[in-house]
Amino acid sequence: MAAFGVRVSVVEWGRLQDASRVTKIGSVWVAARTSQRASLSTGRISVKAQAGAEAGVEAGQVKQQKADKMVAGTHLAAMDDVSQKGEFKRKDAAFRDWISADPSAKYPAEAGRYRLYVSYACPWAHRTLITRKLKGLEDVIDVRVVNHYMGDMGWTFPDQENDGATPEDLFGFKSIRELYFKACPEYGGRFTVPVLWDKKTNSIVSNESKEIIVMLNREFQEFAANSKVDLLPAEHAQKIEALAEHLYTINNGVYRCGFARSQEAYDEALRELFACLDEAEEILSKSRYIYGNMLTLADVRLWTTLIRFDMVYVGHFKTNLRRIQDYPNLYNYMLELYQMDAFRSTTNFTHIKHHYYGSHPSINPFGVIPGGPLLDFDVPHDRNEKFPIA
Ligand SMILES: N[C@@H](CCC(=O)N[C@@H](CS)C(=O)NCC(=O)O)C(=O)O
């Protein structure tokens, strides 16, 4: 049992197979359940192993463990990356290759060759959808969308198109993890979205949103319907990226609050998050967008967190010192962007709300989705009057 550095749970396996069954995870027999709800009322089956034991595991056991990981629910979610002090520590994305406009590159920009796997719930994946739309790349890079519920199999695909989620039609895969193993059978990291997939070589080019959006902005000019839109002009790129990196304290801060497992970790995350929100409010009290009068990737990177903030993070992640509505500039800025087609049309509030409240049993054990808050993102904003753009 000590061979497992993973939490073992088979709730989703049962759900996916739509049949009650018993399966063996390493040396432990566990009963799979047929539905998520059943698991919630009876509690999760979970086997926690001691860290450090993996080094001494025999080769056969490792092989068995890997095979088990492929089929059964052995999902360690990103939220489990927590330090001894109870702080959420996000791991770096593993796939960091690059699509290039240069035809001789390893991954040359081509129409129809690449695909994005996304979740509508995920703020990081949402960045890629917005950028794809702003650049007019809808006919160049296709998209597949996971279910909003993330259980012990990680992100999954529906059998049929359902509520915005789409089947995985290249391989008939049921989960994102299968894509990771297809690209890299030895993969040992988190199974995150977005995934930028190369259909030609069956590989993952990148699973880092901040880099994917730069590629979409810059490397597909030949194919982009809106090639004149430049969200990262070269002469300003360094400053824009530095600002966006700074505001990462907001993007990541909501998760650090929500996934904190100690009071100390939560208190610190909350303080840092709101200090940075105060800074963003200050920036937006002086300029229309994060970087002056032009919409840039820094806005795309920040906005996907803002739009989820009052609806989900305030309640579910306890980021409740203030709401975005309480910051006049952040709020109006958020409204302005929401009212642009690329932002609105890629925002799916059902996925957002149901994913978070439904997929973190350690935070919300019964998965009850709150009715509120009542929010209207279509109310007029004041950004035109405040910062007219000639
Ligand atoms: N650095 C990544 C982070 C992506 C990420 O953490 N995605 C989350 C969804 S919001 C995920 O897929 N988590 C899977 C898990 O928790 O196992 C990026 O910005 O692309």
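Helices and strands are named here from DSSP runs, helices having at least four residues (H or I) and strands at least two (E), and they are numbered from the N terminus. The model is predicted.

**The chain**

The chain has 14 helices and eight strands. It holds 390 residues, and 43% of them count as buried. Among contacts between residues at least 6 apart in sequence, 67% join residues at least 24 apart.

**The sheet**

Four strands form an open sheet in the order S6-S5-S7-S8, and their pairing is mixed. Strand S6 (142-145) and strand S8 (203-206) are at the edges; each has a single partner strand, so one side of each has no neighbour in the sheet. From one strand to the next, the twist averages 35 degrees. In general, the strands of a sheet pair through backbone hydrogen bonds, in a parallel or an antiparallel way. The pairs in this sheet are listed below.

| Strand pair | Sense | Bridges |
|---|---|---|
| S5 (residues 114-118) and S6 | parallel | four bridges |
| S5 and S7 (residues 195-198) | antiparallel | four bridges |
| S7 and S8 | antiparallel | three bridges |

Leu116 has a bridge partner on each side: Val143 in S6 and Leu196 in S7. Further along the sheet, Trp197 has Ile204 in S8 as its bridge partner. The hairpin of S7 and S8 has four residues between the strands, and Asn202 in this hairpin takes a positive phi near 50 degrees. Helix H4 (residues 123-135) lies across S5 and S6 and runs at about 135 degrees to S5.

**The core**

The largest nonpolar core contains 93 residues. Val118, Ile176, Val193, Leu297, Ala298, Leu330 and Met334 have the most contacts inside it. Helix H10 supplies the largest share of this core, eleven residues. What does Val193 touch, not counting residues up to four places away in sequence? Its contacts are Tyr117, Val118, Ser119, Cys122, Ala125, Val146, Trp155 and Ile176.

**Helix H11**

Helix H11 (residues 328-338) is mostly covered, with nine of its eleven residues buried. Leu330 and Met334 are among these buried residues, and both also belong to the group with the most contacts inside the largest core.

**His148**

His148 is found in the loop between S6 and helix H5 (176-183). Is this residue buried or exposed? His148 is buried, because 25 other C-beta atoms lie within 10 Å, and a residue counts as buried at 20 or more. Apart from neighbours within four places in sequence, His148 is in contact with Tyr120, Ala121, His351, His354 and His355. His148 and Tyr356 are 208 residues apart in sequence, while their C-alpha atoms are 8.5 Å apart in space.

**The ligand**

The ligand is surrounded by 16 residues, of which Ala78, Cys122, Trp124, Thr192 and Ser209 are the closest. The shell around the ligand divides into nine nonpolar, four polar and three charged residues.

Key
Residues numbered from 1 in each chain as written. Predicted model: local features only at pLDDT ≥ 70, side-chain atom pairs only at ≥ 80, totals over all residues. Near = placed C-beta within 6 Å. Nonpolar A, V, L, I, M, F, W, Y, C, P; charged D, E, K, R; others polar. Buried ≥ 20, exposed ≤ 12 C-beta atoms within 10 Å, placed from the backbone. Pairing = 2+ DSSP bridges. Axes fitted to C-alpha atoms, helices over the stretch in contact; angles between N-to-C directions. Contact = placed C-beta atoms within 7 Å. Core = buried A, V, L, I, M, F, W, Y, C linked by C-beta atoms within 7 Å.
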